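Open your viewer and get ready to select a few residues with me. We will go stop by stop.

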Amino acid sequence: MNIKTYLLCGTAALTLASCGGNAKKQTAESVTRTDTLAVRGDSVYTLAMQVGDLQAMWIRDNAADRLMPRTLFPDAPDALVDSLGLAGGVPSTVSTFYVKTPDAGILFDTGLGATDSRLLSGLQTFGVAPADVKYIYLTHMHGDHIGGMLTAEGAVVFPNAEVYVSKPEYDYWMADKANRQQVKTMEAYQDRLHLFQFGDTLPGKVVAMDAVGHTPGHAVFQAGRLLVVGDIMHGAALQKVHPEVCATFDMDKEAAIRVRRHFIHYAQENGLTMAGMHLPVPAFD
C-alpha cells in the first residue's frame, strides 16, 4: 500500500465549514486529523482522525472514483448546477466508518458488499478483523449500507457483531418479503439484532437521532463531537449550499429537506464533525 500526504484544509479541523470559517464552535482541540491518507493506486482509501475522545476511521468502500450524476437531482435548475461547476456530476463516495469510543468499537454501515468493495481491507488497514467488530449501527437499510454484512454466498461477515437498526426502518423493509436483500440480511443476524427508538442511547454512549425522510426509519448517530449523518446528502457540493434540493433516492422529499437543513445547522452550531456515507473524499465535513 502506498501512503501519500494530503493537505486537506490547512488546519486541524477537517470540515468544509471550518475551511470556510463558518463552524462557530469548532476548535483545533476538538478535531485532530492525521496528515496521511492511505491510498491504493491514485484513489484515496482510508483516513483516521481524532474527534474529542473518539478515534474515527473512514473507509471508502467504492473502488473507483464516484460522481453522482446530475440527473439524480432533477429539482436543481440547470443554471444552479452550471454555476457550481457540477454539470458533469457531483463528487461523492460510498463510505463506512469505524469508530473507537472509550467503551466500544462500532462500525457504522457496511457499504455495498461488491466484489471490489474495500470495507474489509480498510478495516484491516486499522488492524480490525471482522470478528473484532462488536457493534454495527445502521443508518438505514439500502443495499449500499447493508451489502457488506453478508458474503456472496449468504454467510455472515461479522460473526460477533450486535446489529442495531431503528424499529421504523426494520418494520418498513421487513413488511414486504420482496425486499429480499433486507430480509435475508436481517434474518442472518436475527439472534443479535436490536431495534432502537429515536432518542435511545446505544452502547458506546451513541445517541440515535430521528432523521426520517430519505427512508422511513433513517437515523443519524451522535457520538461525542462526531455526527454520523448517513444519507442526508448525496451530493454535498450542491445540497449543503442548497438543502432544498433532493436526490431521487429520497423517499419523502419534504421530510428529507427538513432533516438536511436541521442537521447541517445542528452540526455547525455545535461545532460537530459530520461523517456522511456519500460525502466526497474523505467523507468528513
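Is Thr-139 buried or exposed? Thr-139 is buried, with a relative accessible area of 0%; buried means under 20% relative accessible area, exposed over 50%, and partly exposed in between, using a 1.4 Å probe and protein chains only.

Before you click further, know that this is a predicted model, where local features need pLDDT of at least 70, side-chain atom pairs count only at pLDDT 80 or more, and totals for chains, interfaces and linings use all residues. Residues are numbered from 1 along each chain as its sequence is written, and side-chain values use heavy atoms, with hydrogens and water left out.

**Stop 1: Thr-139**

Helices (H or I, at least four residues) and strands (E, at least two) are DSSP runs, numbered from the N terminus.

Now show the side chains of Asp-109 and His-140. The side chain of Thr-139 has a polar contact of 2.7 Å with that of Asp-109, and another of 2.9 Å with that of His-140. A polar contact is a pair of N or O atoms within 3.5 Å; within protein, one must be able to donate a hydrogen and the other to accept it, and residues adjacent in sequence count only if both atoms are side-chain atoms.

Leaving out residues up to four places away in sequence, Thr-139 also touches several others, including His-145, Gly-217, Phe-221 and Met-277. Contact here means heavy atoms within 4.5 Å.

**Stop 2: salt bridges**

How many salt bridges does a search of the whole structure find? The search finds 7, each being a side-chain nitrogen of Lys or Arg within 4 Å of a carboxyl oxygen of Asp or Glu. Let's visit some of them.

Select Asp-65 and Arg-60, whose side chains meet in a salt bridge at 2.8 Å, N to O. Asp-65 is exposed, at 61% relative accessible area, whereas Arg-60 is buried, at 1%.

Next, pick Lys-240 and Asp-285, a salt bridge with its closest N and O atoms 3.0 Å apart. This pair links distant parts of the chain, 45 residues apart: Lys-240 is in the loop between helix 7 (236-239) and helix 8 (253-269), and Asp-285 is in the segment after strand 17 (273-276). Lys-240 is buried at 17%, and Asp-285 is buried at 4%.

Finally, select Asp-250 and Arg-260, which form a salt bridge of 3.5 Å, N to O. Asp-250 lies in the loop between helix 7 and helix 8, while Arg-260 lies in helix 8, 10 residues apart. Both Asp-250 and Arg-260 are buried.
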